[in-house]
Amino acid sequence: MFLYEGLSCPSCGVPFSDGDDVVSCPACGAPHHRDCWNKLGHCHYEALHGTEEGWKRPERRTRPDNGNMEYVCDRCGAANEAGAEHCAFCGGDSLRSAPRQPHVPMGETSVPLTPGYGGLADPMGGVQPDERFGEVSAGDVAQFVGQNTAYYMRRFGQMEKQKTWGGFNFAALFFSGVWMIYRKMYKLGALITGAMALLHVATLYIQATYVVPLLNGIYERAGISLTEPPDSGAIMRLYSEGSKLSQQENLLLLVPAALFLLAVGIGIVCACVSNKLYYNHCVGKVRDITRTAESPADIPLLLKKQGGVNFAVVLSIALCYFLISNVIAPYLLPVLFV
């Protein structure tokens with residue numbers, strides 16, 4: 001289901017299909033193909049603006065209101081109000097009647113659960129779509145988030161109502177800047193990803209040019225083979241040779257561990273602040289979209305386009321990491337820094 005399903009361009013008469021470049025008249029909201037609008041130069045219904053004969057969006061079919069019943073989407077599990085024809089959250093048209101669940105205020109332990117993708121989940125995380133996150137509605141923010149709304153909407157609701165810090169994000173702990181890029185926080189994500197990449201390359205460089213040669217030298221002077229387990233005498237010789245290292249050489253051996261701890265620290269900080277950063281990002285973007293959209297009908301498409309996740313970039317970053325770890329590390333660094 002898409003925004004202009006069942007409608008046709010008034011200029012050329014061709015029905016709209018998903019993926020068409022469509023513009024809406026800022027005066028009456030009538031949709032046109034962009035090429036048709038540019039060719040005509042104005043709205044097809046311009047002469048009728050302000051009159052009863054002007055363009056109006058056709059009323060959609062509705063389902064009967066069953067009182068204490070609501071319509072649950074079989075696709076995403078969202079609970080829709082009685083009378084809904086399509087899911088307000090994912091656009092799905094497979095809705096089934098179910099007893100209306102009471103709304104649980106944010107902060108209470110019990111959350112109504114409805115079946116959806118991946119098991120039981122409330123796609124709004126206990127938040128009502130008409131609740132406000134600053135200047136914008138929770139429903140618009142949920143459309144912008146796109147993936148995993150059950151988790152983020154609950155976190156956002158807690159931040160808005162209880163003024164909490166947003167909780168610990170384990171995805172940001174392990175992926176830090178990559179997670180931010182995945183959630184389309186590109187500038188900060190690129191900065192952190194670049195810093196983590198530099199730490200990784202620096203670790204590989206120090207290991208290849210200093211740590212590995214130092215350790216090989218210690219084993220060689222102690223007469224220990226790297227392919228055979230050392231006996232007690234070999235361990236004593238190894239300890240004796242290691243004690244002869246200078247202070248600078250000892251520090252070099254500790255540098256990779258220090259860089260690893262620094263990367264872990266960055267990950268922990270990201271995990272602690274990422275939900276709050278993402279909340280500010282979502283609310284700010286939704287506010288900008290609702291203010292600058294040419295027509296209210298354009299808002300859902302803009303939320304979907306600018307929000308959600310970017311999985312393609314994450315795959316590209318994963319490929320770069322694989323190349324660094326499996327090509328640069330074992331082959332190029334030993335050649336470049338012998």
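Me: How many aromatic pairs does the structure hold?

Reply: The structure, which is a predicted model, holds 10 aromatic pairs.

Me: How is a pair of aromatic rings described?

Reply: You use two things: the distance of the centres and the angle of the planes. Take F168 and F170 here: their ring centres are 5.0 Å apart and their planes sit at 70°, so this pair is edge-to-face. The cut-off behind that word is an angle over 60 degrees.

Me: And are F168 and F170 buried, partly exposed or exposed?

Reply: F168 has a relative accessible area of 26%, so call it partly exposed. F170 comes out at 53%, so it is exposed. The cut-off to keep in mind for exposed is over 50%.

Me: Which residues do ring pairs link into a cluster?

Reply: Here you follow the pairs from ring to ring. In this model they join F133, Y151, Y152, F156, W179, Y278 and Y279 into a cluster.

Me: Next, backbone angles. Which residue has a phi near 55°?

Reply: That's K163, where phi is positive although the residue is something other than glycine. Find K163 in the loop between helix 3 (149–162) and helix 4 (170–182). Its relative accessible area is 63%, so K163 is exposed.

Me: And where does K184 lie?

Reply: K184 is in the loop between helix 4 and helix 5. This residue also isn't a glycine, yet it has a positive phi of about 65°. Now check the cover: K184 has 16% relative accessibility, so it counts as buried. For that label the value has to be under 20%.

Me: Last one, the surface. Which residues make the nonpolar surface patch?

Reply: Look for L188, L191, V269, V273 and L277, which together make a nonpolar patch of about 400 Å². Then ask which elements carry them: helix 5 (186–221) and helix 7 (247–292) each supply at least two of the patch residues. Helix 7 gives the largest share, 3 residues.

Me: Is L191 buried or exposed?

Reply: L191 sits in helix 5, and its relative accessibility is 60%, so it counts as exposed.

How values were computed. Residues are numbered from 1 along each chain as its sequence is written. This is a predicted model: local features need pLDDT of at least 70, side-chain atom pairs count only at pLDDT 80 or more; totals for chains, interfaces and linings use all residues. Side-chain values use heavy atoms; hydrogens and water are left out. Patches are made of residues with over 30% relative accessible area and no salt bridge: like charges are joined within 9 Å, nonpolar side chains (Val, Leu, Ile, Met, Phe, Trp, Tyr) within 5 Å. Accessible areas come from the Shrake-Rupley method with a 1.4 Å probe; for residues, only the protein chains shown count as cover. A salt bridge is a side-chain nitrogen of Lys or Arg within 4 Å of a carboxyl oxygen of Asp or Glu. Helices (H or I, at least four residues) and strands (E, at least two) are DSSP runs, numbered from the N terminus. Buried means under 20% relative accessible area, exposed over 50%, partly exposed in between (1.4 Å probe, protein chains only). Rings of Phe, Tyr and Trp (its six-membered ring) pair if their centres lie within 6.5 Å; planes under 30 degrees apart count as stacked, over 60 as edge-to-face and the rest as tilted.
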